[in-house]
Amino acid sequence: MKIATAAYPLDVLTSWSVYEDKLAKWVGEAAAHGAELLVFPEYGAMELATLAGLDVAGDLEASLHAVSDRMEDADKVHVRLAAEHSVHIVAASGPADTDTRPVNRARLITPTGQIGVQDKQIMTRFEDEVWDVIGGNNLQVFETALGRIGILICYDSEFPLLGRALSECDVIAVPSVTETLAGYWRVRIGSMARALENQCITAMSSVVGAAGWSEALGTSYGAGGIFCPPDTGFPATGVVAVGEINSPGWTYADVDLAQVAHVRADGVVLNRRRWTMQHGRDNAAINVRLR
């Protein structure tokens, strides 16, 4: 299948139709290139807050709820576009209100109109200490017509045990937003590590450019990227495709899930199968003093 990962700039939206037109253009372009799985970035939905005015969009607390109020309508747009173009879409994540505090929620939308929901697990310091966004539902493996798909939202990709929970996935989507090049590389390195450990494909998307109206986002650095295990039949670098930093648009890659199955069964290395060999060897290391 062909995967498209977005380097997605946020806009000040002057009307709902402007948002619909923007999304239709992005999805239509990816579908025209033959993409079957489209991955939008973390907090890409924050541009919906501008529909409530820039004062709301610039207020940390108000922006959370303004976006949450729009998510159901946004999902309807994604459902329509997924059906129209026969694509699966990992919709840009955004805040979703709960009984306590908002979570950071992504949705996997199928051409048949089904919606799988995945919340971020572990908050960054800003989300936790300033924004008061909380972790949500358990990690899930989505069985789709394309294969098994999981989602690790940004920071989640940097934790190997979260990746291991998705070890049955053929593809792990990694929607991200990072405000520095260091942040981008942390998520990219995490994505590549998860592809190595699970011997699967990871698909990283990014918010790019300035959103000066948002105290939460500001300026973001990133690129789309599709990564793989550096093993038989895959690029030796572990990079199937990667976009230019802060260049808006799609990054595309063709991936063969039969090749994923092959390296899991008979690759040069068998990281995924041998994960349990760490058990008993992963206790705290013994301190040895050498003088």
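**Note on the predicted model: pocket, cavity, helix packing and selected residues**

1. In the largest pocket, α4 provides the largest share of the lining, namely four residues. The structure discussed here is a predicted model. Helix α4 covers residues 125-131, and α6 covers residues 181-198; each of these two helices supplies at least two residues of the pocket lining. The space in this pocket amounts to about 480 Å³. Its lining numbers 22 residues, of which T124, F126, V177, T178 and E179 are the closest to the pocket centre. Sorted by class, the lining comprises nine nonpolar, eight charged and five polar residues.

2. The structure also contains one cavity of 30 Å³ or more. The space in the largest cavity is about 80 Å³. Which residues line the largest cavity? They are Y8, Y19, L23, F40, G44, A45, E47, L48, A74, H78, A92 and R107. Helices α1 and α3 each contribute at least two residues to this lining. By class, the cavity lining has eight nonpolar residues, together with two polar and two charged ones.

3. Helix α1 spans residues 16-32 and helix α3 spans residues 60-85; their axes come within 10 Å and cross at roughly 35 degrees. This crossing of α1 and α3 is right-handed. On the α1 side, the residues in contact are W16, Y19, E20, L23, A24, V27, G28 and A31, and they meet R70, D73, A74, V77, H78, R80, L81 and H85 of α3. The contact is made up of nine nonpolar, three polar and four charged residues. Y19 and L23 of α1, and A74 and H78 of α3, take part in this contact and are also among the residues that line the largest cavity.

4. I89 belongs to strand β3. Is I89 buried or exposed? With a relative accessibility of 0%, I89 counts as buried, because the cut-off for that class is under 20%. Leaving out residues up to four places away in sequence, I89 touches V27, L38, F40, H78, A82, R107, L108 and I109. The C-alpha atoms of I89 and A203 are 12 Å apart, and the two residues are separated by 114 residues along the chain.

5. M46 sits in the loop that runs between β2 (37-39) and α2 (54-57). Although it is a loop residue, M46 is buried, its relative accessible area being 1%. Beyond its neighbours within four places in sequence, M46 is in contact with S63, V67, P95, W131, W213 and L217. For S63, which is 17 residues away from M46 along the chain, the separation of the C-alpha atoms is 7.5 Å.

6. S206 is part of strand β9, which covers residues 201-211. S206 likewise counts as buried, at 1% relative accessibility. Residues up to four places away in sequence aside, S206 touches A6, A7, Y8, P41, S176, Y184, G222 and A223.

7. S86 has a positive phi, near 55 degrees. S86 is placed in the loop between α3 and β3 (88-96) and is exposed, with a relative accessible area of 53%. D132 has a positive phi as well, of about 60 degrees. D132 is located in the loop between α4 and β6 (142-144). D132 is classed as partly exposed, because its relative accessible area of 33% lies between the limits of 20% and 50%.

8. D69 counts as exposed, at 59% relative accessibility. Between the C-alpha atoms of D69 and Y252, which are 183 residues apart along the chain, the separation is 32 Å.

Definitions and conventions: Residues are numbered from 1 along each chain as its sequence is written. This is a predicted model: local features need pLDDT of at least 70, side-chain atom pairs count only at pLDDT 80 or more; totals for chains, interfaces and linings use all residues. Side-chain values use heavy atoms; hydrogens and water are left out. On a 1 Å grid over the protein atoms alone, a cavity is a set of points where a 1.4 Å probe fits but cannot get out, and a pocket is an open set with protein on both sides within 12 Å along at least five of seven lines; lining residues have an atom within 4 Å of a point. Grid points are joined across faces, edges and corners, and a volume is the space filled by probe spheres set on the points. Ala, Val, Leu, Ile, Met, Phe, Trp, Tyr, Cys and Pro count as nonpolar, Asp, Glu, Lys and Arg as charged, and the others, Gly among them, as polar. Axes are lines fitted to C-alpha atoms, for helices over the stretch in contact, and angles run from 0 to 180 degrees between N-to-C directions. A crossing is left-handed if the near helix is turned anticlockwise from the far one by less than a right angle, and right-handed if clockwise. Contact means heavy atoms within 4.5 Å. Buried means under 20% relative accessible area, exposed over 50%, partly exposed in between (1.4 Å probe, protein chains only).
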